[in-house]
Amino acid sequence: MLTKKQIELLEFIHKRMERDGVPPSFDEMKVALDLRSKSGIHRLVTALEERGFIRRLPHRARALEIIRLPDSMAKPSGGFTPEVISGDRRAEPTPPRRAMSVSVHAMDLPVMGRIAAGVPIEAISEVSHHVAVPGSMISGRESHYALEVKGDSMIDAGINDGDIVVIREQDAAQNGDIIVALVEGHEATLKYYRRKGAMIALEAANPAYETRIIPEDQVKVQGRLVGLIRSY
């Protein structure tokens, strides 16, 4: 049987992974559960892991995978599938940018090259290959695309070098969203979005990287993270 705090943490992780496709950072868990230090989060995570509800991915800093949910949180039907999924990245012929449905349960998305999770790189606009993603990651009528992550600045958000991120195209964001930002018209980067007056803060999820504060007219939101695919 889980304690109240363990259930609260598991529910918070589950909701964040359903919304963003990646687990929250330990700092976000600490705030959500109103704890004073991350040591309490470490103990709760360890307890959930020992009870078989979550798994810490080996060699992946703070990357979590939900294995199962208690009956009180389980969905009425269909069972639970972790939002971090494994996949391959086989090259395919150059496709149109819009997503094409390949089955009831999967979507075929274009991978638009590589996105920096670190120092911004040149904006990507060329399709490199396709990747199949669960239909559950695709919401609404908006177009979606995928990018391969380069760098480790979002590692504390569970996003690692080489991961494929699924992005929903949109030109607006809310504070705390993980977005693809186009900086000064030619640099693309994956970061947390926070507005501070007329300035935009692009925050990393790695203490080794400084937050970039940029005038709002030099930052364009290109989309929001909605899913993540990992190959092992």
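Helices here are DSSP runs of H or I with at least four residues, and strands are runs of E with at least two, both numbered from the N terminus. On that basis the protein chain has three helices and 14 strands. Before going on: this is a predicted model, in which local features need pLDDT of at least 70 and side-chain atom pairs count only at pLDDT 80 or more, while totals for chains, interfaces and linings use all residues. Residues are numbered from 1 along each chain as its sequence is written, and side-chain values use heavy atoms, with hydrogens and water left out.

Some totals. Of the 232 residues in the protein chain, 49% are buried, meaning under 20% relative accessible area with a 1.4 Å probe, protein chains only. Taking contacts (heavy atoms within 4.5 Å) with a separation of 6 or more, 61% are between residues 24 or more positions apart.

Six of its six residues are buried, so β10 is largely enclosed by the rest of the structure. Which residues cover the two faces? On one side they are I178, V180 and L182, and on the other I179, A181 and V183.

Strands count as paired if DSSP finds at least two bridges between them. β10 runs antiparallel to β11, residues 187-196, with six bridges, and V183 is opposite E187 there. That hairpin has three residues between the strands, and E184 has a positive phi near 55°. β10 is also antiparallel to β14, residues 219-230, through five bridges; here I179 faces R224.

Next, β11. Seven of its ten residues are buried, so β11 too is largely enclosed by the rest of the structure. Five bridges pair β11 with β12, residues 199-203, in the antiparallel sense, and R194 has A201 as its bridge partner. In this hairpin two residues separate the strands, and G197 takes a positive phi near 65°.

β11 also brings us to the second largest pocket. A pocket is an open set of points on a 1 Å grid over the protein atoms alone, with protein on both sides within 12 Å along at least five of seven lines; lining residues have an atom within 4 Å of a point. Its lining has 13 residues, with S25, D27, Y192, A204 and A205 nearest the centre. The elements giving two or more residues to that lining are α2 (26-32) and β11. How does the lining divide by residue type? Four are nonpolar, two polar and seven charged, with Asp, Glu, Lys and Arg counted as charged, Ala, Val, Leu, Ile, Met, Phe, Trp, Tyr, Cys and Pro as nonpolar, and the others, Gly among them, as polar.

Note on methods:
Buried < 20%, exposed > 50% of the residue type's maximum accessible area, 1.4 Å probe, protein only. 1 Å grid on protein atoms, 1.4 Å probe; cavity = no way out; pocket = protein on both sides within 12 Å on 5 of 7 lines; lining within 4 Å.
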